[in-house]
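Here is a short report for a reader meeting this model for the first time. It starts at a contact between chains and then widens the view.

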Amino acid sequence: MFEITDKPIDVEQVRGKVVSRNAGAITVFIGTVREMTAGKKTLHLEYQAYTPMALKMFEQIAKEVQERWGDAQIAISHRIGHLAISDIAVVIAVSSPHRKTAYEANEYAIDRIKQIVPIWKKEHWEDGTEWIGDQLENIPYPTGMPSLNKED
Amino acid sequence: MNILLFAHLQEVIGQPQLTVDLPQCTVGELKQWMASNYPNISLQQVMVAVNEEFALDTTIIQPQDTVAFIPPISGG
């Protein structure tokens, strides 16, 4: 259900992992590489992961989703390596009997990815490069680590 | 002790991994050791994972553990 890959992500394959006879809805979130950020032009991106821990954190997110929305199923694929503008960086598929859960759980998952999954993005601009951090501006973590309970 | 480095830490130190011969210590003590041996890195805002679990400064590290220094993450 979870994957870190250096190959292009097949959206349909990720969706297929959550197909269920009990599902009345599947939401598929596709995160893509954006060219303009605050007036700065990205040429391409490079993603790096601590793969075994990232996969464990995907499992953790799935566990949280199960606790909140017991009837949801989730699959996540994240790409690493060199990505061009409009390439797919992440795909999250959530199925559930009802659409509201599928939407909510999917948004929850992308928020949690940005909090606890060890994946880094390096921006390559026309005039330089930078490893990006703190996208949710929740650093420094008051407890020294990201919370494993979103309500904390 | 196996130390994994990511993102800019990996670039500043020039390698993705360090193998160091250190006795049992806390995460806080290892951070101090890193700061004095690699003065050109900043460990502010850097989290630590021991054997793939996020750890606190008080977490004990055994010599055979794998420690990862995790700068602010930016996946998605």
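Which residue of chain B forms a salt bridge with A:Lys122? The partner is B:Glu11, and the closest N and O atoms lie 2.7 Å apart. This is a predicted model, and every value here is computed from it.

**Where that pair sits**

A:Lys122 belongs to strand β8 of chain A, residues 119-125, while B:Glu11 belongs to helix α1 of chain B, so the pair joins two chains. A:Lys122 is buried, with a relative accessible area of 10%. B:Glu11 is partly exposed, at 44%.

**The interface**

Together the two chains bury about 2,400 Å². Carbon and sulfur atoms give 61% of that area. Three residues stand out on chain B: B:Glu52, B:Phe54 and B:Ile73 supply 29% of the area that chain B buries against chain A, more than any other three residues.

Polar links cross the interface too. There are 14 residue pairs in polar contact between chain B and chain A, with both residues at pLDDT 80 or more.

A network of salt bridges links A:Lys56, B:Glu52 and B:Glu53.

**Chain A as a whole**

Now turn to chain A. Its 152 residues include 46% that count as buried. The chain has three helices and nine strands. From the N terminus on, their order is β-α-β-β-β-α-β-β-β-α-β-β. The accessible surface of chain A comes to about 7,700 Å², and 48% of it belongs to carbon and sulfur atoms.

Over all chains, the structure holds nine salt bridges. Two inside chain A are worth a look, and the table sets them beside the pair from the opening.

| Pair | N to O distance |
|---|---|
| A:Arg112 and A:Glu64 | 2.8 Å |
| A:Asp87 and A:Arg79 | 3.7 Å |
| A:Lys122 and B:Glu11 | 2.7 Å |

Which parts of chain A does the pair of A:Arg112 and A:Glu64 tie together? A:Arg112 lies in helix α3 (residues 99-116) and A:Glu64 in helix α2 (residues 51-68), so the bridge ties together parts that are 48 residues apart in sequence. A:Arg112 counts as buried, at 1% relative accessibility. A:Glu64 counts as buried as well, at 4%.

A:Asp87 is partly exposed, with a relative accessible area of 23%. A:Arg79 counts as buried, at 11% relative accessibility.

Methods:
Residues are numbered from 1 along each chain as its sequence is written. Chains are lettered from A and ligands numbered from 1 in the order in which they are written. This is a predicted model: local features need pLDDT of at least 70, side-chain atom pairs count only at pLDDT 80 or more; totals for chains, interfaces and linings use all residues. Side-chain values use heavy atoms; hydrogens and water are left out. Helices (H or I, at least four residues) and strands (E, at least two) are DSSP runs, numbered from the N terminus. Buried means under 20% relative accessible area, exposed over 50%, partly exposed in between (1.4 Å probe, protein chains only). Accessible areas come from the Shrake-Rupley method with a 1.4 Å probe; for residues, only the protein chains shown count as cover. Buried area is the accessible area (1.4 Å probe) that two parts lose on being put together, summed over both. A salt bridge is a side-chain nitrogen of Lys or Arg within 4 Å of a carboxyl oxygen of Asp or Glu. A polar contact is a pair of N or O atoms within 3.5 Å; within protein, one must be able to donate a hydrogen and the other to accept it, and residues adjacent in sequence count only if both atoms are side-chain atoms.
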